[in-house]
Amino acid sequence: MLTYYTATTLDGWIADPDDSLDWLFRQEEGDSGDFGFDVFMARVGALVMGSTTYEWVLAHEAAGNGWPFALPTWVMTHRELPARDGDVRFSSADVRDVHAEMTAAAGGRDLWLVGGGDLAGQFAQARLLDEVVVSIAPVTLGAGRPLLPRRLDLELVAAAVNGSFVSARYRVAGPLLEDRHR
Ligand SMILES: NC(=O)c1ccc[n+]([C@@H]2O[C@H](COP(=O)([O-])OP(=O)(O)OC[C@H]3O[C@@H](n4cnc5c(N)ncnc54)[C@H](OP(=O)(O)O)[C@@H]3O)[C@@H](O)[C@H]2O)c1
C-alpha cells in the first residue's frame, strides 16, 4: 500500500513558491487520533520523495540532528546530491521499478510517498498510488508547490477535525471518469 500522506493548504499547495512551510508549523495540531503522524509511521517500512523535499529536509530537519528517518528512503533525482548518514538511495528509475524495490525493502509494511505532488502524480499514473491522506490547514497561498497536479477520482474513506486541521483519507480510484474513455 502506497500512501501520499501530507499537509496542504485549503487551495491545494504543499509549500509556498519559495518552499516555505511556515504557514504549516504555526498551526494548532490537536489530538490527531487515527490521522496522527506516529500512528501512520508505525505502519510504514519505506519512503520515497522528490529532490526538492529531500533538500528541504536536509536544510531544516536534518540540519541539527542528522537524517530524521530510520527507514530506507528513495530520493528521486537526475542530479548528484549530498548523501547523509541514513539509508538514502538516489534514483531516476521508472516509478514501477522504484515501487518494486521499496516493496521488497519494506518487509510487508506500507510505503510513504512524502512528496511532492508531481511525484505522487507519477505513481498515480502508473496506478501505484493507493491512498491520499491530507491534513488541510486553514490557509490559502494563491501559488506554490501543487498537492497533486493530475486528474483523478478519489473516494472519501474517513475524515476528522484535528485542532485547526481537517484531515481526510481517500482511496485513489483511478483516472478521472471523464478521461477514461478518451
Ligand atoms: N506540506 C507538507 O506536508 C509537505 C510534504 C512534503 C513536501 N513538502 C514540500 O513541498 C515541496 C515539494 O517540492 P516539489 O513540488 O519540487 O517536488 P519534489 O517531488 O520534492 O521535487 C521535485 C524534483 O524531484 C526530481 N524528480 C521528480 N520525479 C523524478 C523522477 N521520476 N526521476 C528523477 N527525478 C525526479 C526532480 O528534480 P531533479 O531531477 O532536478 O533533482 C524534480 O524537479 C518542497 O518544498 C517540500 O519541502 C511539503
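Reader: Which residue has a backbone N or O atom 2.9 Å from a nitrogen atom of the ligand?

Author: Quick caveat: this is a predicted model, where local features need pLDDT of at least 70, side-chain atom pairs count only at pLDDT 80 or more, and totals for chains, interfaces and linings use all residues. Residues are numbered from 1 along each chain as its sequence is written, and side-chain values use heavy atoms, leaving out hydrogens and water. A polar contact here is a pair of N or O atoms within 3.5 Å. The backbone atom at 2.9 Å from the ligand nitrogen belongs to Ile 14.

Reader: How much of the ligand's accessible area does the protein cover?

Author: Accessible area comes from the Shrake-Rupley method with a 1.4 Å probe. On its own the ligand has 930 Å² of it, and the protein covers 82%.

Reader: Which helix gives the largest share of the shell around the ligand?

Author: Helices are DSSP runs (H or I, at least four residues), and strands are runs of E (at least two), numbered from the N terminus. Suppliers of at least two shell residues include strand 1 (2-9) and helix 6 (117-125). The largest share, four residues, comes from helix 3.

How values were computed:
A polar contact is a pair of N or O atoms within 3.5 Å; within protein, one must be able to donate a hydrogen and the other to accept it, and residues adjacent in sequence count only if both atoms are side-chain atoms.
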